[in-house]
Each structure stands twice: as C-alpha cells, then as structure tokens.
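Trainee: I have a new model open and would like to talk it through with you. Where shall we start?

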Amino acid sequence: MAVGDYVQCNACGGTYQPILADGSEYYHACPSQRAIDDGPDPADVTGKTRKVKLVAIDNRRNENIAGVDDKGKAIIKSEGLGVTVITDVSKLPPTLTTGG
Amino acid sequence: MESFAPPLQESIAGQRSPLGLYAPSPVYLTGEEQLRITTVSNTAGLTLTIAGRILGPDNRVRPFEFPHTPNSNRTTATTTIALSEGWLLGLEAKVTSGTMTFGAVWALMELVRGQGNAARVVSSLQSDFVTPVSPLEWPGEAAVNSLESDGCLRSIVGTLPGAGVEISETVPTGARWELLALHLALITSATVANRIPALSLDDGASLYFASCAAGNETASATWSNEFGQGTGFSFNATGLISNAALPVGIKLPAGGRIRSSTIALQAGDQYAAPRYLVREWFDV
C-alpha cells in the first residue's frame, strides 16, 4: 500500500486509505450494525416514512494490532472478510474525497 | 569529642581527583555494556541516527554512529550495539531521513548487559520525543515519557461507511488520543424522518460520553455536524449546520471508539468519511 491507495472492507462496505496523506497508518475497524429498510411505517398514513431495522454486521474486520509474531510482524485483531483494493479511483464515492 | 570527616575536594576537569579517579563522565563502560535504543512511532519511512563518543582507557576519543528504523505501527523497535571500554562522553539521537511532525517518534536510550530477552537494564540514560531538529541528548534535560509533551497533532480522514451505517473510529493499539474536533457530514435520503446524530465516546465497550446535534436533520439534505472542544451548541436549519460540544481534555485509551449514534437513521442515509483532529501519545 502507498499514500493515496484506497481499499474497501468486504464486511461493512467502508472505504478508507490504509496510509493517510501524512504517511501515518490508518487501522479500520467495522461498526457493529447497519440500518436496513423494513418496509412502510404502518403508523404513517401518508406513507412517506419507513421502518428501519438494525442488523448486525457479521465477520467484522479490526485492523488494530493484537501483537507481533516471532519475526516481529504485526498481527491484526480480526481479518474479517478481507478488503478489496480500489484500483479505479474515479469510482470512489464523492463523499470520501470531498468530506461531504 | 566531636569528629569531622575531612572536607570533600572537588575534582577539576582534566585532572585526577583526590581518589585518583579521572571522571570526565558519570558513566564508565567496562566493555560489557551495550547501548539499546527503543522507539515508538506512528509514521513510516523514518530513520534515526544515533551518535556518540567514548573516551577509551588509552585516552583516545572514539566516535561511533549507527542507524535505527522505528516501526510505524506503534510497536516498539529496538537496536542494540556493543560499546567499547571507556568513559561515555555523550550521545545524540535524531531523525535523519523521512517526513514527520512533532510527537511522531519517541525514543529511549539505555545501557544494558546481556543479549536479547536476557538483557538487563543497567541504566536508563534518556528518553524524549525526537525530530530532525530537536535531538534526544545525553547528558541532557530530564527524561520525558511517552505520555508527556503536547502530543502529535494528527488530522485524520476516517472510513467512509456504507449507506445506513454509522461511523466508527478506533484508537489504535499503543495510542492515546485527545479528540479536539470532528466534522461529520450526513447526506440524508428522501425518506421523511427527523434524524438526530450523536457522537459517542467509549472505551471499546462502555460508553462514557455522548454529545448530540442540537436539532432535527431532515430529508434530502447534506448536514454538517461539527463537534469541538469549547464549542457551544447551535443549530442552523437554513445553513444545515449543527455545532455540539466535546469535553475539554478528554482522553481515549487504545481500543476506545469514536462513534456516531443516530436517532432515526434511515437505510439510505449516508455519512461522509469523518474528519477529525486528535492529539496522539504513545501508551507503551
């Protein structure tokens, strides 16, 4: 990985830079749950509101260091489902690069 | 009858003391001690150069120099070199290559006897944060541990979560953070609801602080949620800006989390990648 590279977490869908612009390393850890749509809210006669259900994110990734092996290489806390390297930066969400 | 010890005579630099000891330094090396440098860092691509001088029993000064590469993940890195017999006159360690900010490298210099894990510390010489222009020196000022100083100021862009997912940032292993400010943009979907973003701080499990937006954030808009030390609470529904306070000086331990927790977050709502400013120290 180099400064400017992006990856996407295969467990939570989060996108991030493992090496930040200042050269420091960034360690991603997945949030615990996501909100999913659970259909129209029956209490709302206008039909404009929706019910939301919170579901757990499984196989969460946590890149923080749990320790080092015999060769001094860092071992992360949880691999989760791994990451996918984003090679086409034009596909990055604008909210990542602009801050929203 | 009172008795008095004879008054101590001060030795004069370069001359023998009354006991016949020539003491140009408080540290005499037998040739069995080694110099060990230990560093902790959060920045890649740095190299330190450690230099020193030893006055040998033959009255000749022997300079020495060696490199050391810190780890960039806040785990400790050590380099140990053997020292010849004589008086240790001085030591200096500074960053000689790489780009860094103050507080990104902390170093400790020790004298040890023995090898590897069997090494025993004879003397802790000096410790402090090191930069290219402010070296770690022995003899020098009082030792500084890795939780002192102004800390390393870091501006971090966190993880852009998926839709309907809260932000969650974790204090890295080996770090201690003080959260100074955080910018959190919420792009709300068209679903009608009054979202209220809150920012919570926890130790990895137990929540110990939460601060929430001062108003309802409605559908189909991009809301800026600003959390900062010393900030008051305010809400501007026209400018789509919410300001909320963080406690001044609050510290987060390694494994602690900075999370959003949003009332009425919708499945299509999207947080931008959080941007935040922290002071970082090394908790080693």
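Mentor: With one term: two residues are in contact when they have heavy atoms within 4.5 Å. This is a predicted model, in which local features need pLDDT of at least 70 and side-chain atom pairs pLDDT 80 or more, while totals for chains, interfaces and linings use all residues. Side-chain values use heavy atoms, without hydrogens and water, residues are numbered from 1 along each chain as written, and chains are lettered from A and ligands numbered from 1 in written order.

Trainee: Leaving aside neighbours within four places in sequence, which residues is B:Lys94 in contact with?

Mentor: B:Lys94 belongs to strand E6 (residues 86-97) of chain B; strands (E, at least two residues) and helices (H or I, at least four) are DSSP runs numbered from the N terminus. Beyond those neighbours, the contacts of B:Lys94 are B:Thr47, B:Leu48, B:Thr49, B:Val130, B:Thr131, B:Pro132 and B:Pro135.

Trainee: What is the relative accessible area of B:Lys94?

Mentor: Buried means under 20%, exposed over 50% and partly exposed in between (1.4 Å probe, protein chains only). B:Lys94 counts as partly exposed because its relative accessible area is 30%.

Trainee: What share of the residues in chain A is buried?

Mentor: The C-alpha trace of chain A spans about 65 × 30 × 20 Å along its principal axes. Of the 100 residues in chain A, the buried share is 36%.

Trainee: Which elements give two or more residues to the lining of the largest pocket?

Mentor: On a 1 Å grid over the protein atoms alone, a pocket is an open set of points with protein on both sides within 12 Å along at least five of seven lines, a cavity is a set where a 1.4 Å probe fits but cannot get out, and lining residues have an atom within 4 Å of a point. The largest pocket holds about 290 Å³, the space filled by probe spheres set on grid points joined across faces, edges and corners. Its 16 lining residues include A:Pro18, A:Tyr26, A:Tyr27, A:Glu63 and A:Ile76, the closest to its centre. The elements you asked for, in chain A, are strand E5 (62-68) and strand E6 (74-78).

Trainee: Where does the largest share of the lining of the second largest pocket come from?

Mentor: This pocket has about 230 Å³ of space, and its 19 lining residues include A:Gln33, A:Leu54, B:Glu166, B:Ser260 and B:Ser261, nearest its centre. Strands E3 (33-40) and E4 (50-56) of chain A each give two or more residues, as does E19 (257-263) of chain B. The largest share, 5 residues, comes from E19(B).
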